[in-house]
Amino acid sequence: MPLTVSSPLSVLIFKVIRFLNDNPTLRIEISGHTDNQGTPAYNVQLSLKRAQAVVKYLTDHGIVSTRLTQKGYGADKPLAPNDTEENRQINRRIEFRLIR
């Protein structure tokens, strides 16, 4: 099943696209994150696939791929404890970080 970008995320990504178009020398890292369910190896792969889906979406909408890096962190950088479903959902995310 191909990875897709959901509608709420699309709104945010279009803001990122506009920001990158307005700042053509900036580069960003797209990082994928997961909760702690599953093996560490599986979570790293899943988080990388999430980041790759966003990179594909950005390049499909005109952002040059050399401006983008992708990284899968798995469950290594949680924002919340993985003790409830609500917290695990918080940890399943994509983040954008300016490189320069």
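The questions and answers below concern the sheet, a helix and the nonpolar core of a predicted model.

User: In what order do the strands of the open sheet stand?
Analyst: The sheet is open and has 3 strands, with mixed pairing. The twist averages 20° from one strand to the next. Read across the sheet, the order is β2-β1-β3.

User: Why is one side of β2 and of β3 left without a neighbour in the sheet?
Analyst: β2 covers residues 68–72 and β3 covers 93–98. Both stand at the edges of the sheet, so one side of each has no neighbour there. The reason is that each has a single partner strand.

User: Which residue of β3 is the bridge partner of G32?
Analyst: Strand β1 spans residues 28–33 and pairs with β3 in the antiparallel sense, over 6 bridges. For G32, the bridge partner in β3 is I94.

User: At about what angle does helix α2 run to β2?
Analyst: Helix α2 is made of residues 40–60. This helix lies across β1, β2 and β3. Its angle to β2 is about 160°.

User: Which element gives the largest share of the largest nonpolar core?
Analyst: This core has 13 residues, and I30 and L58 are among those with the most contacts inside it. Two or more residues come from each of α1 (7–22), β1 and α2. The largest share is 5 residues, and the element that gives them is α2.

Conventions. Residues are numbered from 1 along each chain as its sequence is written. This is a predicted model: local features need pLDDT of at least 70, side-chain atom pairs count only at pLDDT 80 or more; totals for chains, interfaces and linings use all residues. Side-chain values use heavy atoms; hydrogens and water are left out. Two strands pair if DSSP finds at least two bridges between them. Helices (H or I, at least four residues) and strands (E, at least two) are DSSP runs, numbered from the N terminus. Axes are lines fitted to C-alpha atoms, for helices over the stretch in contact, and angles run from 0 to 180 degrees between N-to-C directions. Contact means heavy atoms within 4.5 Å. A nonpolar core is a set of buried Ala, Val, Leu, Ile, Met, Phe, Trp, Tyr and Cys residues joined through side-chain atoms within 4.5 Å. Buried means under 20% relative accessible area, exposed over 50%, partly exposed in between (1.4 Å probe, protein chains only).
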